[in-house]
Amino acid sequence: MSEITEELNNATPLTFDKITTAHANLIALNAQREKLVESLKQINAVIEETLLFIEFDQLFQDEDGTVFMVEKPAGTFVEYKDWTIKRTRRQDEPTSSTRLAIKTCEESGLIVTNKHKK
């Protein structure tokens, strides 16, 4: 293990009053990203419903002259990122294995105030 890795592993977690501007920006950006992901889920659900009334492989055009066609792609497309941002769940969210465990945060010395109420 390198000295840097060891130092990071032994580092004290940053409480809100000690985070950097970069940390604060990341928190804000992650919140925006979560809202966008939720919006995209809602939009995709409406698109799925609308597609029940649309014929695939048929050309159609909007008032500006742009032509569209709905088709089924030959393969499955997956977005891949080599990073992820985990966070503790909020009071209104269920437990998830993709969340940061509150117990882990508390064991590292942080005080988690927005715990899920049972």
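Where is the place of valine 70? Valine 70 is in the loop between strand 2 (67-69) and helix 3 (102-107); helices (H or I, at least four residues) and strands (E, at least two) are DSSP runs, numbered from the N terminus. Please keep in mind that this is a predicted model, where local features need pLDDT of at least 70, side-chain atom pairs count only at pLDDT 80 or more, and totals for chains, interfaces and linings use all residues. Residues are numbered from 1 along each chain as its sequence is written, and side-chain values use heavy atoms, with hydrogens and water left out.

**Overall fold**
- The protein has three helices and two strands, which follow the pattern α-α-β-β-α along the sequence.
- Of the 118 residues in the protein, 8% are buried (under 20% relative accessible area; exposed is over 50% and partly exposed in between, with a 1.4 Å probe and protein chains only).
- Among contacts (heavy atoms within 4.5 Å) with a separation of 6 or more, 29% join residues 24 or more positions apart.

**Around valine 70**
- Valine 70 is buried, with a relative accessible area of 18%.
- Beyond its neighbours within four places in sequence, valine 70 is in contact with Leu51, Ile54, Phe56, Asp57, Gln58 and Phe60.

**Phenylalanine 68**
- Phenylalanine 68 belongs to strand 2.
- Its relative accessible area is 37%, so phenylalanine 68 is partly exposed.
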